[in-house]
Amino acid sequence: MPKFKFQTKLTIVYLALFLVVMGVIALFFYRSVTQNVRDQIQNQLGASARTFERILDDRVEKLSGSALLLSRDYGFRDAINNPDDQATVTSALRNHRARLGADLAYIVDLDDELLASVGAEGTTLTAAPIPDAMKMEAEENGSASRMVEIGGRVYELVVVPVLAPIPTAWIAFGMELDEVTALEIKGLSPIDLEIAFVYQNDRGEYSLAGATSERAALEAFLADNPPVDPVFSAQFNGQDHLFWRLPLHAVGSEAEISALLYYSIDVALEPFDPLVVAMVGILIGGLLLLISGSVIVSRGVTRPLRRLADAAQRIIAGEYQEVDAPIEGDEVADLTMSFNQMVSAVQERESKIRFQAFHDNETGFPNRLMFEEMLDETIGKSESFVVIVAEVQQVPELRSVLNHSNVNDLMVCVGERLQQVADTGIARLSTESFAFILEDASEAETVASLVMNSFLTPFDVAGIIIDARAKLGLVKYPGDGEDTALLLRHANAALDKGRTVQKGYAWYDPDSDKSQTRRLSMMSELRVGLKNGEVRFAYQPKLDVATGKIMTAEALVRWISPTRGFVPPDDFIPHAERTGDIRHLTEWGLRAAIMQVADWRSKGLGLGVAVNLSTSDLMNPGLPGQILVLLKEFDVPAGSLKLEVTESAVMHDMERALEVLNMLAAMGLTLSIDDYGTGYSSLSYIKRLPVSEIKIDKSFVMNLAKSEEDNILVRSTIELGHNLGLKVTAEGVEDEESVRRLKDFGCDTLQGYHISRPIPASELEKFLKEGGYETV
Amino acid sequence: MVRFFLILVLCCAFRSVASAAELRVSVTAGSDEAVGNAVISVKPLSPNLEMPEPVNAAVMAQQNTMFAPFVLAVAVGTEVTFPNMDEFRHQVYSFSKPKRFELRLYGQDTTNKIMFDKPGVVALGCNIHDNMLAFIYVSEHPVVGKTDESGDVVFSNLPPGGYEVHVWHPDELRGGDDMKMVTLRADEASDIAFSVKLRPVRRQQQPPADEGY
């Protein structure tokens, strides 16, 4: 099915309706007019026929009256009954015929013998025999009249008896129905009808006796159209005619004689021709009006619709624009209004979404997305500028002491202070960092210093005075990056550097950034290395002072990369923690450690293994289950596995870490605090942890022989640990003197190069055997 | 005058009653319609038969603008008197071939007599009153009579012998009985029945148009 435009459809529908209506009207009009005209003609013909009959009756009356008068005349009767007086009879007859204007007159006796006959001038006539029925009727009624055809002419014949006093002869007067008669009747008719007299000859054919016109054509017509019906229409002379047949025969007549009155329907319809022309004109005019009207109407609909469609297209393109309503009050206007309302609603919602998309919902500052856009814009219009990223330090620690909303409020305060100092728009780049653009690159260092100084003033968050520190990273455009992404990455790199430098901020250094990329590729190599056995554990034994035996060994990861060679753990573990790859390392490590314990147990060695857990491990609630599965798999008792965690790992999110640690402790695992003394070193929180051991960081132990300060720290730490019911391990035991002192301090376990370097498992087994450190 | 005429006829009938035969004629039309005013004339086949003397006087009166009787049957040579009984005048005429005559306007005081000496039917009219119509049947035979309302007529006192019996009626059409032969025996009665055809509309005298004024 073809698709039409609305305009075309409307026009077609209107057109069809109009044509149907016009067609019905035209049909009705035509039918009623023709019917009306026919009826009128028929009425006129009927009226003329009655007039004709009346005229005939008059003539008959006149004729019969005259004939009667003659027949009653005594002298005439005397003459008729006197065989010797025929001359008188003839002259009397001639006299009467002339007086009446009759066309023929004759007298027959009872034996139908012609007594006398006279005709009109120039007529040769044969007297028609008078039928008995007519005689009878005449004798009874005084006269009888009948149409007769004599020699191709039609006569109105009137017969009266000559009574003496019974009939002795018959007088007949005849009046021909000729053109004159016809014209006379025609003249009496209001319409210009035509009249013809027809009779049936001996062969039953209809012949013409007289007509007002077109004799020849009528003769031919009668041959084809015998006039049988009283009223009929037929084609005559190329026109539709209505015929009225008036039978003229008298009772019992042998031959049928009729008068035909007819009139052309086409002629009668002629007055309606202008009407037809007018109708056609109305039709054409109506069609034109209708087409233009439907075009106007449909345009009234399609134009606003098109406008709406265009507006919708513009809205898709992001251009919000209201559409003018064409006319008030109609449906299209309603639609346009609704459309406009929709547009403004969508616009409003979009701006809301846009705001949410481009703003940090915690602080209301522009977010990273918006900052990137701003940066794009600035790159487009500024020749040079500086981007400064400011990172609030120790946020995890702050989170542990402040509640969530306080941290948010702090961030708001930080943002506001930055804005104040930098005197420019600030965006929150991440949970801990903000960023802003300095159009004037020369001011960058000054602003950085101002920012650093501003952080010397503590923040007041809901009555809590908070000392927050910030580190800054600075990048300059165009020197440090050509696009937004690069600038931001380099700003981060600069921040990394800024964290480490004294003044707290740093410019981007392209050289130091290279190692960063190298580290990224290292992580993927690590993943491969874990599968390929490049990563192994080295085990550093922990000497139990009380027994002099080695009860546990700390598993330390050793990665020997085929491309990089030996990679120190400090080079890849922090990155693995940051990228999340530490998960793979932990998985591998736990399995390897437990497998090693199982191996040793099979060899009769009751040696435990200590494994270091990372921050993300502590955040993983699935970890205890994971360990349980492994322990079961290798049938290793939980007590054989020790887990070491750093203070900072626990502090990152203490609540979550506690959950995991408590479960692990409940499983019977031994937990240690590693690198004790480098972090918060707050015994109050250690009290809350389900740990059984603290390991004093090697930085305190290594110089024990020389530093008195360290002696005091280590001794008091050991004492404190013991007071809390914890075992204390000293790491980094590197000389005999340290061993002696630690033993004096009551340290429970010693670990360090002086006892043994971290060595492969097989070497450890040998070392245990040779040193007599074996335990069962 | 009428009474006298009737007595005369009766005397004649009684005169030759001995050895006489009787002829009874009935006339019907259609399905047993008794036809009155039918004229029956009897013609002896033998000239030797001694026929009764014909009555040679008859009366056709004009009374109440009508002829009376409507049909009068007479033998040739009968003189008919036309007495006017009305208070106004009549002008009786006939254009019939057996007797053309005209009695010029006459009143009660005038006695008109017409001798009908030729056989035939004479139609009578009055020039003043178109409705008046009567027929006088002039028979060439000596014995003539007309049927009564029941369509019967009886001829008595006829000498036995063979006869032609003719029937005539003013409304008679061709195709009915016209004449019949009969042989009458002495002292016997013979019956003859005629069936005639009559025109559907009978000729008759209409009462005068102005009667009642």
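**A tour of the predicted model**

Select helices H17(A) and H19(A): their crossing is right-handed (the near helix is turned clockwise from the far one by less than a right angle). Helices here are DSSP runs of H or I with at least four residues, numbered from the N terminus. H17 covers residues 582-602 of chain A and H19 residues 623-634 of chain A; they pack at about 30 degrees with axes 10 Å apart. The two are therefore roughly parallel, a label for angles under 35 degrees. Axes are lines fitted to C-alpha atoms over the stretch in contact, and angles run from 0 to 180 degrees between N-to-C directions.

This is a predicted model, where local features need pLDDT of at least 70 and side-chain atom pairs count only at pLDDT 80 or more, while totals for chains, interfaces and linings use all residues. Residues are numbered from 1 along each chain as its sequence is written, and chains are lettered from A and ligands numbered from 1 in the order in which they are written.

Next, show Leu590(A), Arg591(A), Ile594(A), Met595(A) and Ala598(A) on H17(A), which meet residues of H19(A) including Leu630(A) and Phe634(A). Contact means C-beta atoms, placed from the backbone, within 7 Å.

Then select Leu261(A), which is in contact with residues beyond four places in sequence, among them Leu45(A), Trp244(A) and Leu246(A). Leu261(A), Ile107(A) and Leu124(B) are among the residues that touch the most other members of the largest nonpolar core, which has 122 residues. A core joins buried Ala, Val, Leu, Ile, Met, Phe, Trp, Tyr and Cys residues through C-beta atoms within 7 Å; buried means 20 or more other C-beta atoms within 10 Å.

Finally, a second, separate core of 66 residues includes Ala593(A) and Ile718(A).

Note on methods. Angles under 35 degrees count as roughly parallel, over 145 as roughly antiparallel, 65 to 115 as roughly perpendicular and the rest as oblique. Two residues are in contact if their C-beta atoms, placed from the backbone, lie within 7 Å. A residue is buried if 20 or more other C-beta atoms lie within 10 Å of its own, exposed if 12 or fewer, and partly exposed in between; C-beta atoms are placed from the backbone.
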